[in-house]
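Student: I have a model on screen and want to learn to read it. Where do we begin?

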Amino acid sequence: MKIMSINAGSSSLKFSLFNMDNEEVIASGLFERIGIEQSCYTIKYNGEKLKQEVDLPDHSVAVSILLEKLVELGIIQSLDEINGVGHRIVSGGDRYSESILVTDKVVEDIIELKDYAPLHNPAHVLGINAFREALPEVPMSVVFDTAFHQTMDPVSYLYPVPYSWYEDHKVRKYGAHGTSHRYIALTIADELKRDDLKVISCHLGNGGSITAIKDGKCVDTSMGFTPLAGIMMGTRSGDIDPSIIPFVMEKEGKNAAEVISDLNKKSGFLGISQLSSDSRDIENGIAEGNEKCKLAQDKFVRTVVDYIARYYVLLGGCDVLCFTAGIGENSKGVRAQIVEKLACLGFKLDAQANDVRGEFRKISADDSSSLIYILPTDEELMIARDTLNLINR
Ligand code: ADP
């Protein structure tokens, strides 16, 4: 069985084609600058990488070229080999608590939920429609970033604001990165052969979120109504006092959208360091004695530790602390700094085991109160697995 995992943005389309017999990626790639000049695509397969500039006026053209190339490059013999396509969807609001096969109603819902992901949901529909046009007979699924977090109870998902905001406008916590956190929960339960685990999953990438998981279900998560909430990130502030917004609007003569954009795009690592949103640049800056880089890193670590401690109490302890995504998988320094701050809860690293990048392994010391793991996430595989399961149902 071959399943394609798709992440469509407004001007891009990322794909991975899996052989689900062994869950290996046969080909992957990216179509970029769709609808803009200098559009191009990259396809990786068989250890090779093909990059080409080509006119991509819309998503349908990108999908036709992708399918044509898969056959032309001999990655598949014919389109009949594609048994299913799974699409990543940012917001399923409170309507979807699991992945589902695509129908007209599902597509309508994704459009209707655009208020909750204005940049993403409409773009996902462009991707879905392009594939429905090109492969009308092939079953398709949608996998929502928010779905895993739908098990939160109202105490977790409600904000202490007028209740009518929730009733009238569905103002509540939805969370994000759900597919990644679900992958972590499933993989660690599988590894330890236990379903009754208290897991704190730390997805630390350019965007970042922390999720408290009990018995495989999300209890609480750090992102909120939008991905702007929670821990500090590459360019996002994470939690701040909302009164700052009208204050800065007045001081800088900006409107609300401009200040929110500053909080999304000019804050976090970039905001404090005034240098970069990329944690590698921050680490290099620290090595060169840059004080703002040090401050940025310390603030990041503080916000992560605050959430881990909060979820430790919420879960009544922690069996496994997992680090994933770009920073979580690769930065031994950040992991060490975080765990050091958790020493009062009995967390302890094995420094030698921690000296690794991007590898699934236990990094806690034998006398640590909780197990600590690096666990590389794989949202694309999760999407492909869900699609396969839905087709086989
Ligand atoms: P996204 O949220 O865009 O998917 P990623 O999960 O790719 O983000 O994470 C990007 C972050 O991971 C960047 O801050 C980057 O610096 C960091 N990162 C990637 N590789 C390394 C590394 N080898 N050492 C430290 N940080 C790394």
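Tutor: Begin with serine 5. This is a predicted model.

Student: Is serine 5 buried or exposed?

Tutor: Buried means under 20% relative accessible area. Serine 5 has 3% relative accessibility, so it counts as buried. It is found in strand 1, residues 2–8.

Student: Which residues does serine 5 touch, leaving out those up to four places away in sequence?

Tutor: Lys14, Phe15, Ser16, Phe18, Gly86, Glu380, Ile383 and Ala384. Look at glutamate 380. Its backbone oxygen lies 2.8 Å from a polar atom of the serine 5 side chain.

Student: What does phenylalanine 15 touch?

Tutor: Its contacts include Ser5, Met4, Phe31, Leu66 and Leu70, again not counting residues up to four places away in sequence.

Student: Now the cores. What is the general idea?

Tutor: In soluble globular proteins, nonpolar side chains tend to be buried together. Here the largest nonpolar core has 39 residues. Met4, Leu13, Phe15, Phe31, Leu70, Val85 and Phe131 touch the most other members. Helix 1 (residues 59–72) gives the largest share of this core, 6 residues. A second, separate core has 38 residues, including Ile282, Phe300, Leu321 and Val339.

Student: How do I read the faces of a helix?

Tutor: An α-helix has 3.6 residues a turn, so residues three or four places apart point the same way. Take helix 10, residues 279–287. Its buried residues are Ser279, Ile282 and Gly285. Seen down the helix 10 axis, they fall within an arc of 115°, so they line one face. Arg280 and Ala287, on the other side, are exposed.

Student: What do the buried residues of helix 10 pack against?

Tutor: Helix 9 (268–273), helix 11 and helix 12 (325–330).

Student: And the ends of helix 10?

Tutor: Aspartate 278 caps the N-terminal end. One of its side-chain oxygens lies 2.8 Å from the backbone nitrogen of arginine 280. Glycine 289 follows helix 10, and its phi is positive, near 85°.

Student: Last, the sheet. How do I read strand order?

Tutor: Strands of a sheet pair through backbone hydrogen bonds, either parallel or antiparallel. Here an open sheet of 6 strands runs 11-10-9-12-14-13, with mixed pairing. Strand 11 (217–221) and strand 13 (361–362) are the edges, each pairing on one side only. Strand 13 runs antiparallel to strand 14 (residues 371–374), joined by 2 bridges. Lysine 362 has tyrosine 373 of strand 14 as its bridge partner.

Student: Which helix packs on the sheet?

Tutor: Helix 11, residues 291–315. It touches strands 9, 10, 11 and 12, and its direction makes about 15° with that of strand 10.

How values were computed: Residues numbered from 1 in each chain as written. Predicted model: local features only at pLDDT ≥ 70, side-chain atom pairs only at ≥ 80, totals over all residues. Heavy atoms only, no water. Pairing = 2+ DSSP bridges. Helix = DSSP H or I, 4+ residues; strand = E, 2+ residues; numbered from the N terminus. Contact = heavy atoms within 4.5 Å. Axes fitted to C-alpha atoms, helices over the stretch in contact; angles between N-to-C directions. Core = buried A, V, L, I, M, F, W, Y, C linked by side-chain atoms within 4.5 Å. Buried < 20%, exposed > 50% of the residue type's maximum accessible area, 1.4 Å probe, protein only. Arc of directions from axis to C-beta. Polar contact = N/O pair within 3.5 Å; in protein donor to acceptor, adjacent residues only side chain to side chain.
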